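Subject: Structure handover and notes

Hello,

Here is the structure for your files.

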Amino acid sequence: MSFLCVSVIGCGWLGFPLAQALLRQGYRIKGSTRTLEKIPVLEKAGISSFCLTVNGALVGAGIGDFFNTDVVVITLPFRRDFYDPGEYQKQIRAITRDVQNGKAGCVLFTSSTSVYPDDLEMATEDASFVPDNARSKILREIENELMANPHFQTTVVRLAGLYGSERKIGGFLAGKKDVPGADSPVNLIHLDDAVRIIVEIISQKAWNEIFNACADQHPTKKILYTSAAKKMKLDVPQFSTEKSSVKKIVVNDKVKEILGYRFLHPDPLKDIEASVWD
């Protein structure tokens, strides 16, 4: 193994199980969190922990040590409560400056399949498209900036909607009224598959790539969320009868062809039927 140390920025819902999975593969892991209360949890798991926050700059003790690493994984979430989506871009740029000052030769950035416009019927990594909203535009700019940075190699993982653990599909839309997009396809990925794909990218040194991370199957919104709510004995969502303009299907062929990856959870609807939530 040529990469011995991986630093994970954001040991939260995705970053923490990712750090644990990398530990099991024999990597030395450094992980960041925004809260001091999380430090003992990370340390108990065997992760060298750093309390770091980012705004205009990355702040916290031991920043130099954190970036004395081989690979940096950025799992910082693009929060929907940002008043200005450009704040997220400022955060990533602040992190990038510290990556450049460190020793890492590779960066993995967890992007989102929301970068693709809703009317792109077959969303492949090499598709030509124009982002259709401010968040998507910012996300695409961040991807481009990271991949063009000459100080390190970058791979971008565009994650579909995440479920698993406490994020149960049935609770996403339960009880809601007049929900749009009944017939639109759903693009989701289980947490287990998201983690395993990232581990494979690092282990196989698949750099300078963009990968879609999305389940094989794309049930319609109405079928999936109605089934999930019923399975959890929750109020089923009520859907609008208006025809949906959302046609997007995220294609995952590249992770299967280049990484040889096979999904643990290829069909979210079958997970619901089998009560596979975790």
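Contact in these notes means heavy atoms within 4.5 Å. Helices (H or I, at least four residues) and strands (E, at least two) are DSSP runs, numbered from the N terminus. This is a predicted model, in which local features need pLDDT of at least 70 and side-chain atom pairs count only at pLDDT 80 or more, while totals for chains, interfaces and linings use all residues. Residues are numbered from 1 along each chain as its sequence is written, and side-chain values use heavy atoms, with hydrogens and water left out.

Helix packing

By that contact rule, Pro17, Leu18, Ala21 and Leu22 in H1 meet Leu191, Val195, Ile198, Val199 and Ile202 in H6. Two packed helices are described by the angle between their axes and the distance between the axes. Here the axes of H1 (residues 15-24) and H6 (residues 191-204) come within 10 Å and cross at roughly 50 degrees. The axes are lines fitted to C-alpha atoms, for helices over the stretch in contact, and angles run from 0 to 180 degrees between N-to-C directions. H1 and H6 are therefore oblique to each other; angles under 35 degrees count as roughly parallel, over 145 as roughly antiparallel, 65 to 115 as roughly perpendicular and the rest as oblique. The crossing of H1 and H6 is right-handed, that is, the near helix is turned clockwise from the far one by less than a right angle.

In H7, the buried residues are Leu224, Tyr225, Thr226, Ala228 and Ala229. Buried means under 20% relative accessible area, exposed over 50%, and partly exposed in between (1.4 Å probe, protein chains only). Strand S11 (188-190) and helix H9 (268-273) are among the elements that cover these H7 residues.

Cysteines

The model contains zero disulfides, a disulfide being a pair of cysteine sulfur atoms within 2.5 Å. Cys5 is in none, and its nearest cysteine sulfur, in Cys11, is 12 Å away. Cys5 is buried at 1% relative accessible area, and Cys11 is buried at 3%.

Salt bridges

There are 10 salt bridges, each a side-chain nitrogen of Lys or Arg within 4 Å of a carboxyl oxygen of Asp or Glu.

One of them joins Arg93 to Glu145, at 2.5 Å from N to O. Arg93 is in helix H4 (residues 86-101) and Glu145 in helix H5 (residues 134-148), so this pair ties together parts that are 52 residues apart in sequence. Arg93 is partly exposed at 39%, as is Glu145 at 32%.

Another joins Asp118 to Lys248, at 3.7 Å from N to O. Asp118 is in the loop between strands S7 (106-112) and S8 (122-123), Lys248 in the loop between helix H7 (221-231) and strand S13 (249-250), and the two are 130 residues apart. Asp118 is partly exposed at 34%, whereas Lys248 is buried at 9%.

Within H5, Arg140 and Glu143 are three residues apart, about one turn of the helix. Their closest N and O atoms are 3.0 Å apart in a salt bridge. Arg140 is partly exposed at 24%, and Glu143 is buried at 0%. Salt bridges with shared partners join Arg140, Glu143 and Arg158 into one network.

Regards
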